Amino acid sequence: MPPATKISTRLLLFRRLLRLLLFLLLFLLPSWLCYKFWNGPHMRIWNLEVEGENRLSSLAVHHLSDLHYGLHFTDLDEEEAERRLEKHPWIQEANVEWDFPSTVRVEIVEETTHALLAMEKMWYVNENGIPFRVASPLDLDYPIISGIPNSWAKKHPHVVKKIIDESLHILQICTQTPYISKQKVSEIYFQKNAGFTIILRNGSKIIFGFYPPEDRIERLTQMIESGLELSSPKQIVLDAEKVAVVMPLN
């Protein structure tokens, strides 16, 4: 083969090889860069922001959510994290969102205690009338729903729920007046044969029976505005149709 032909062939092979290398470089380099970016620290969780916590600390919420620093965003399961958080008795609702590129925002709604329920143990009761946690001995400054037989929790759960709901309703109606604040109510006492009685912190007893509390509170309000004093302990019987009986208590 003539020398010129050999040189031409080698040049052609070199050009083809150069084109192949250039093609591989243009294809592989972006792919490699994308791979490094995808698996690098930029696509991982490095910050957890918590909102709505009061009783729980941000550290506790972080632990409960089981979201680890360095977790790749593709491994983030917001719904599963929400389910884990909502298993805690103090968390009523949780919302977990990924904020590109490396932040997870957790917003929680904590339970609020509206009363205590005395049944075998002392329980916190939320605004929906649901006992959600055994009460702490250091945090018992709430009205107590009492008098419900312990055996009813298993035998008559729907009746127990109805009693709790009615107790909270009576408490709400009472505290809507300017004369009975929630802080003055010590106990909502239930008797299966006599109905509901509100016991104030000064020892006064306001007997509602099974009557709708709105009418009874209106009658009590009229009595107070006519001169009835609640500063000293009294028993006020409101479970009659048209009359009310007031008796002093020692």
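These notebook entries record what I looked up in the structure.

**Entry 1. Model and confidence**

I note at the outset that this is a predicted model, in which local features need pLDDT of at least 70, side-chain atom pairs count only at pLDDT 80 or more, and totals for chains, interfaces and linings use all residues. Residues are numbered from 1 along each chain as its sequence is written, and side-chain values use heavy atoms, with hydrogens and water left out. I first looked up pLDDT, the predictor's confidence in each residue on a scale from 0 to 100. The chain averages 88, and 89% of the residues score at least 70. I then went through the elements, taking helices (H or I, at least four residues) and strands (E, at least two) as DSSP runs numbered from the N terminus. Helix H1, residues 3-39, has the lowest mean pLDDT of the elements, 67, whereas E7 has the highest, 98.

**Entry 2**

Three strands form an open sheet in the order E1-E3-E2, with mixed pairing. E1 and strand E2 (91-99) are the edge strands, each with a single partner, so one side of each is left without a neighbour in the sheet. The twist from one strand to the next averages 20°.

I recorded five bridges between E1 and E3, which run parallel. Leu48 stands opposite Val104 in E3. E2 and E3 are antiparallel and share eight bridges. Trp98 has Val104 of E3 as its bridge partner, and Asp99 stands opposite Thr103 in E3.

For angles I used axes that are lines fitted to C-alpha atoms, for helices over the stretch in contact; the angles run from 0 to 180 degrees between N-to-C directions. H2 lies across E1, E2 and E3 and runs at about 115° to E1. H3 lies across E2 and E3 and runs at about 155° to E2.

I classed residues as buried under 20% relative accessible area, exposed over 50% and partly exposed in between, with a 1.4 Å probe and protein chains only. In H2 (residues 58-65), Val61, His62 and Ser65 are buried. These residues cover an arc of only 100° around the axis, which puts them on the same side of H2; the arc is that of the directions from the helix axis to the C-beta atoms. Leu59 and His63 are exposed on the other side of H2. With contact taken as heavy atoms within 4.5 Å, I found the buried residues of H2 packed against strand E1 (47-51), helix H3 (78-86) and strand E3 (103-110). Asp66, which follows H2, has a positive phi near 60°.

In H3, the buried residues are Ala81, Glu82 and Leu85. Their arc around the axis is only 100°, which puts them on the same side of H3. The elements covering them include H2, E2 and E3.

**Entry 2. Strands E7, E8 and E9**

I next looked up the pairings of E8. E7 (residues 144-146) and E8 run parallel and are joined by three bridges. Ser146 has Tyr189 in E8 as its bridge partner. E8 and E9 pair in the antiparallel sense over six bridges, and Val185 is bridged to Leu200 in E9. A hairpin of three residues leads from E8 to E9.

**Entry 3. Nonpolar cores**

Finally I looked up the nonpolar cores, each a set of buried Ala, Val, Leu, Ile, Met, Phe, Trp, Tyr and Cys residues joined through side-chain atoms within 4.5 Å. The largest core has 32 residues, of which Ile148, Ile198, Ile206 and Leu220 touch the most other members. At least two residues of this core come from each of strand E4 (115-119), helix H5 (157-175), strand E8 (185-191), strand E9 (195-200), strand E10 (205-209) and helix H6 (213-225). H5 supplies the largest share, eight residues.

I listed the contacts of Ile148, not counting residues up to four places away in sequence: Leu117, Met119, Val160, Ile163, Ile164 and Phe190. A second, separate core has 21 residues, among them Val50, Ala81, Val106 and Tyr142.

Technical notes
Pairing = 2+ DSSP bridges.
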